[in-house]
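Hi everyone, thanks for coming. I'll walk you through one structure today, so please get the picture up on your screens.

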Amino acid sequence: MQKPQFPSLNDIRHARVRIKSFIHRTPILTSSAINEMAGCEIYFKCENFQKVGAFKARGAANAVMKLSDEEKAKGVATHSSGNHAAALARAAQIAGIPAYIVMPSSAPEIKKKAVKGYGGEIIECEPNLQARETTLEKVVKETGATFIPPYDFMDVIEGQATCALEFLEDEPDLEVILAPVGGGGLLGGTALLSHEWDEEIEVYGAEPSGADDAYRSFKAGKIIPQTKPNTIADGLLTSLGVLNFEIIRRYVKDILLATDNQTIDAMRLIYERMKIVIEPSCAVPLAALLAKKELFKGKKVGIILSGGNVDLGKLPF
């Protein structure tokens, strides 16, 4: 089997130029109170301020902009009940092409509204993976649209890597970067870029202990699919992607776990000290760092705050 050709630093720089007008260059914030608690210097890259409220805007925009004119004419399709659905619908709207989004009937109304608001056409299906995949297959066959997967796709990984590129351009002395891991697009892109930028940078994934397939896969050296995940971090429920696992296996130092209670505490800490809105998945890296402070003592650490799409009526504190 041929090894995949991963994007180079130059490819990621080209991606950043390609999507520049479609995304925000998000700010980096710090908190002296959190630094004191953590025993290290933490820089937070705020993708909760990104378009569609999450880093997913990057990968979707990059994938859409790389399509040929012929492919664009037939539109794009995916199955998603989360941020990728809105991100792809938005990217397609900007490109002036159709977006067909297969969503489970159980998807939150707020997420369906977001997709419709960006002009996406929703095709509902039963709330299970098989139904999502078979419905998507039918849509692609009928429309000729290009399937843009949410994370296990090179153009998406390349787009997500632009987040770490911005981070290191703005804070070139970072010694460590932490990112949450679900499907692995953000962590894979971060690890790839960091390795290309400076092999000395340590990259850690952070995962909920109730959805720890990436942790178990990393330790076993092979993909162990997610089964019955149970965590408040709803953005990290999916199984690790094959391409992402290959990058993570090569370039990530370790994957750290955080319990839901630790994640809720970290989430509350960010709300109280930094006065910004983040979703539970976003708090997992800080929770994991605070649980393993000795690993990061005195270091300059970057944390990617992955998104801020949270139902404010259902905050866990």
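Quick housekeeping before we go on. This is a predicted model, where local features need pLDDT of at least 70 and side-chain atom pairs count only at pLDDT 80 or more, while totals for chains, interfaces and linings use all residues. Residues are numbered from 1 along each chain as its sequence is written, and side-chain values use heavy atoms, with hydrogens and water left out.

Back to β10. Which strand does β10 join through six bridges? That's β2 (residues 41–46), and the two run parallel. If you want a pair to look for, Cys46 has Leu305 in β10 as its bridge partner.

Now, is β10 buried or exposed? Six of the six residues of β10 (residues 300–305) are buried, so the strand is largely enclosed by the rest of the structure. Buried means under 20% relative accessible area, exposed means over 50%, and partly exposed is in between, with a 1.4 Å probe and protein chains only. Here's the bit I like: Lys300, Gly302 and Ile304 point one way from β10, Val301, Ile303 and Leu305 point the other way, and all are buried.

Stay in this area for Tyr43, which is in strand β2. Tyr43 counts as buried because its relative accessibility is 12%. How far apart are Tyr43 and Ile177? In sequence they're 134 residues apart, but in space it's 9.2 Å, C-alpha to C-alpha.

Next, another sheet. This one is open, has four strands in the order β5-β4-β3-β6, and the pairing is parallel. The edges are β5 (121–125) and β6 (146–147), each with a single partner strand, so one side of each has no neighbour in the sheet. Further in, strand β3 (residues 76–79) and strand β4 (residues 99–104) pair in the parallel sense over four bridges. Look for Val76, standing opposite Ala99 in β4.

While we're here, find Lys72, in helix α4 (residues 69–74). With a relative accessible area of 17%, Lys72 is buried. Lys72 and Ala92 are 20 residues apart in sequence and 8.6 Å apart in space, again C-alpha to C-alpha.

Okay, on to charges. How many salt bridges does the structure hold? There are 18. We call it a salt bridge if a side-chain nitrogen of Lys or Arg lies within 4 Å of a carboxyl oxygen of Asp or Glu.

Take Glu169 and Arg16, whose side chains meet at 2.7 Å, N to O. This pair links distant parts of the chain: Glu169 is in helix α8 (residues 154–170) and Arg16 is in helix α1 (residues 9–19), 153 residues apart. Glu169 counts as partly exposed at 29% relative accessibility, while Arg16 is buried at 18%. Both also belong to a salt-bridge network with Arg25 and Asp170.

The helices α8 and α1 are linked by another pair, Glu158 in α8 and Arg18 in α1, 140 residues apart. Glu158 is buried, with a relative accessible area of 5%, and Arg18 is partly exposed at 27%.

One more: Arg58 and Glu47 form a salt bridge of 2.8 Å, N to O. Arg58 is in helix α3 (residues 56–65), and Glu47 is in the loop between β2 and α3, 11 residues away. Both Arg58 and Glu47 are buried.

Which residues form a negative surface patch? They're Asp11, Glu196, Asp198, Glu199 and Glu200. Patch residues have over 30% relative accessible area and no salt bridge; like charges are joined within 9 Å, and nonpolar side chains (Val, Leu, Ile, Met, Phe, Trp, Tyr) within 5 Å. The areas come from the Shrake-Rupley method with a 1.4 Å probe, and for residues only the protein chains shown count as cover. Lys and Arg count as positive, Asp and Glu as negative, and His and the chain ends aren't counted. Each charge is placed at NZ of Lys, CZ of Arg, CG of Asp or CD of Glu.

Zoom in on Glu200, in the loop between α9 (185–197) and β8 (202–208). Glu200 counts as exposed because its relative accessibility is 67%. That's my tour, thanks!

Notes. Two strands pair if DSSP finds at least two bridges between them.
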